[in-house]
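Here's a quick tour of a few spots worth a look. Load the model and follow along.

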Amino acid sequence: MIKVFLVDDHILVRQGIKKILELEEDLTVIGEAGNGEEALEELQGLQPDIVLLDIHMPVLDGIETLRKMKPGEEDPKVIMLTFHKEKEYVLEAINLGAKGYMLKDAGSESLIQGIRDVYKGGSYIQPTLASELVKSQNEPKPKPSKEMEDLKKLTRREREVLKLISEGMNNREIADTLFISEKTVKNHVSNIFKKIHVNDRTQAAIFALKNQRINN
């Protein structure tokens, strides 16, 4: 059972999301909060797998809440759920450790899939947002980006692994896809993180999205 904690200042939004999630056999909502400060207090006594975190809230907003949570690879994993489409919000949330970023106008199927992907160790950026990120990063630049220099440091196998990370696969799925051991995948992932200067899979996925010619 995937345990979810909801953080949104609109009660009706929380109630709606809760009803959607609890229609699924593998999802349950174990707690709610109306702002970031309340969420931080509640989370001390709970152990959710996923936190759905709104950005625009009173008292303490989602970005500051995320900053105080300092999420890592361990639970809880955070998915930002908001109306904000600006890429600056997306990038800041990811840099602070969010594993997913979704808009509130997304369909229920996308929300559920995003939760499951993040729970399994992947990442989820709503496709429309990912497209905007790629578009903004593909605008002409006066100098070659440092990211392109970092990309050149990756071996062909590491590029293959990075591409599969960007598709939301966990280590076991990558191992099965490439017909290699999970231990080998872990070594590749560790090397990738060092070479492209990221700290987690979500940042690596964004790196891959911004550098689409990953297998060239």
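This is a predicted model: local features need pLDDT of at least 70, side-chain atom pairs count only at pLDDT 80 or more; totals for chains, interfaces and linings use all residues.

Contact here means heavy atoms within 4.5 Å. Helices (H or I, at least four residues) and strands (E, at least two) are DSSP runs, numbered from the N terminus. Residues are numbered from 1 along each chain as its sequence is written, and side-chain values use heavy atoms, with hydrogens and water left out.

**A helix pair**

Two packed helices are described by the angle between their axes and the distance between the axes. Take α4 (residues 87–95) and α11 (residues 201–210): their axes come within 9 Å and cross at roughly 140°. Axes are lines fitted to C-alpha atoms, for helices over the stretch in contact, and angles run from 0 to 180 degrees between N-to-C directions.

Which residues do the touching? On α4, L91, I94 and N95 meet T202, Q203 and I206 of α11. By class, this contact has 3 nonpolar, 3 polar and no charged residues. Nonpolar covers Ala, Val, Leu, Ile, Met, Phe, Trp, Tyr, Cys and Pro, charged covers Asp, Glu, Lys and Arg, and the others, Gly among them, are polar.

**The sheet**

There's an open sheet of 6 strands in the order β2-β1-β3-β4-β5-β6, with parallel pairing. Its edge strands are β2 (27–33) and β6 (124–125), each pairing on one side only. Two strands pair if DSSP finds at least two bridges between them. Here is how β1 (residues 2–7) pairs:

| Pair | Bridges | One partner pair |
|---|---|---|
| β1 and β2 | 6 bridges, parallel | K3 and T28 |
| β1 and β3 | 4 bridges, parallel | L6 and L52 |

**Around K195**

K195 sits in helix α10 (residues 182–196). With a relative accessible area of 24%, K195 is partly exposed, the class between buried and exposed (over 50%). Not counting residues up to four places away in sequence, K195 touches D150, K153, L154, T155 and E158. K195 and K153 are 42 residues apart in sequence and 6.5 Å apart in space, C-alpha to C-alpha. A polar atom of the K195 side chain lies 3.2 Å from the backbone oxygen of K153.

Key. Buried means under 20% relative accessible area, exposed over 50%, partly exposed in between (1.4 Å probe, protein chains only). A polar contact is a pair of N or O atoms within 3.5 Å; within protein, one must be able to donate a hydrogen and the other to accept it, and residues adjacent in sequence count only if both atoms are side-chain atoms.
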